[in-house]
Amino acid sequence: MSEIPILSILIFIPVVGIFFMLLIRNNDDQSSQNLKHTALWITFLNFIISLSLLFSFDLNNPDFQFVEKYAWIESGISYHLGIDGVSILFVILTTMLVPICILASYESIKFSVKEYLISFLALETFMIGVFCSLDLVLFYLFFEGGLIPMFLIIGIWGGERRVYSTFKFFLYTLAGSVFMLLAIIYIFISTGTTDVETLLMYNFTTNEQLILWIAFFTSFMVKIPMWPFHTWLPDAHVEAPTAGSVILAGVLLKMAGYGFIRFSIGFFPDASEFFAPFIFSLSVIAIIVTSLIALVQEDMKKLIAYSSVAHMGFVTLGIFTFTVQGIEGGIIQMISHGIVSAALFLCVGVVYDRLHTREIARYGGLVSKMPFYSFSFMIFILASLGLPGTSGFVGEFLVLLSIFTVNTYFAIFATTGVVLAATYSLWLYRRIIFGALIKDDLSEMFDLTRREIIIFLPLIILTIFIGLYPKPIINIIEPSTEKIVNQIKMKLDWKPKVSFEK
């Protein structure tokens, strides 16, 4: 496969699919079904192709693989693609979730179906491009390009306050990224290149690192998002259609976490070490504060959205420990959150499609009418709170293990987030699933359909498999993670400067 431009194929198959879909009429129910089937098969084909990466991926090679490099702009900017153990899992996560989003939209999207599906295909191209880019300019184009289809998905097919939410989402994320663009321009002027592989070996001065780190941080902290710049996320989730929330939580948030690993600690280790206590503080605040906010939510989507901010706090905690365990834990936490949070938003979508409300108080006693739904929801709730045996436990455990080696106080405060997660997650599950079925309209609720079972089954299998046997995931990411940590140590002349008195 080394001679096949497999990454370009993954990036541009959705674009080819868009041209096919433009040829399909959209004037009746049958044509709408044809559009949905076409989008589903295109995205499923892309998922199958992405799985082929695993069979040709060299687990012992920490360097970038499947590399493609073509001259783009003669001054030093190139079309440069490649993946390593860090990025390959995010590519597969993306290609897996997009067909699930298409399948989840079969019944809920009633108008402008062609435009909706085209938006998702375009979004898939941008998301895959982010994780494959080895040129800063190319990365920035893909990173920001994804805002456009997401803006349309929320703004056109969202809820009543969709215009407010989509502009808030767009302006927050775009404003932060302006500083990253300025930093990229400066890097190009000062080094003569935007090639990621070259820049990973380049030593910026300490003053340069501090300024450039802040510029990249302003973009990533809004996108992930970190407290206190997280307020756009609950609004975007509440107003987005179900599939929009799935892809927002499942993939778009992970692009910033990936950026922290690839660029913030890779390019600017001195600055990352200097700002690590600041990151730890923001992460712990996010874990505790947003968990407490989640406890008082009456809207299911808002509760899950705030829980996402808390879970991303564990990610940033792990990344900035500069340890193999911490970075691995952050990556596994992102993969797990991509699966589990996507599944939780799908669970909300199932009952919303039947009752057309997300208010927690409107439900209760669903276990008697929807046993299969109750079982599926239980698996994802337990994974969200980090129960051993589920994917949510593995990442959190590795992160907490690594932060304990850095600072005990941060570790203790972060651990309280596990308790709070159990509190709001079980409270949500109890109010929706258990109790007496006393509301008349709930008696008409029906259990999961065949289409919904097909959606949930792979997510359940992955959640349990990663929780019980994470070794295959660790084997993929460990060589590249060790290389990243070793590069940081060489640049820093390693001393555990981040550590404090315990």
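How many aromatic pairs does the structure hold?

The structure holds 39 aromatic pairs, where rings of Phe, Tyr and Trp (its six-membered ring) pair if their centres lie within 6.5 Å. The model is predicted, so local features need pLDDT of at least 70 and side-chain atom pairs count only at pLDDT 80 or more, while totals for chains, interfaces and linings use all residues. Residues are numbered from 1 along each chain as its sequence is written, and side-chain values use heavy atoms, with hydrogens and water left out.

**Exercise 1.** Classify the pair of phenylalanine 151 and phenylalanine 167.

Step 1. Planes under 30 degrees apart count as stacked, over 60 as edge-to-face and the rest as tilted. The centres of phenylalanine 151 and phenylalanine 167 are 5.3 Å apart and the planes are at 85 degrees, an edge-to-face pair.

Step 2. Phenylalanine 151 is in helix H6 (residues 147-157) and phenylalanine 167 in helix H7 (residues 162-191), 16 residues apart. Helices (H or I, at least four residues) and strands (E, at least two) are DSSP runs, numbered from the N terminus.

Step 3. Buried means under 20% relative accessible area, exposed over 50%, and partly exposed in between (1.4 Å probe, protein chains only). Phenylalanine 151, at 22%, is therefore partly exposed, and phenylalanine 167, at 42%, is partly exposed.

**Exercise 2.** Why is the pair of tryptophan 213 and phenylalanine 275 stacked?

Step 1. The ring centres of tryptophan 213 and phenylalanine 275 are 4.4 Å apart and the planes are at 10 degrees, so the pair is stacked.

Step 2. Because tryptophan 213 lies in helix H9 (residues 206-223) and phenylalanine 275 in helix H12 (residues 269-295), the pair ties together parts 62 residues apart in sequence.

Step 3. Both tryptophan 213 and phenylalanine 275 are buried.

**Exercise 3.** Describe the packing of helix H10 on helix H11.

Step 1. Helix H10 (residues 232-239) packs on helix H11 (residues 242-267) at about 140 degrees, with axes 8 Å apart. Axes are lines fitted to C-alpha atoms, for helices over the stretch in contact, and angles run from 0 to 180 degrees between N-to-C directions.

Step 2. H10 is oblique to H11; angles under 35 degrees count as roughly parallel, over 145 as roughly antiparallel, 65 to 115 as roughly perpendicular and the rest as oblique.

Step 3. Trp232, Leu233, Ala236 and His237 of H10 meet Ser245, Leu248, Ala249 and Leu253 of H11, where contact means heavy atoms within 4.5 Å.
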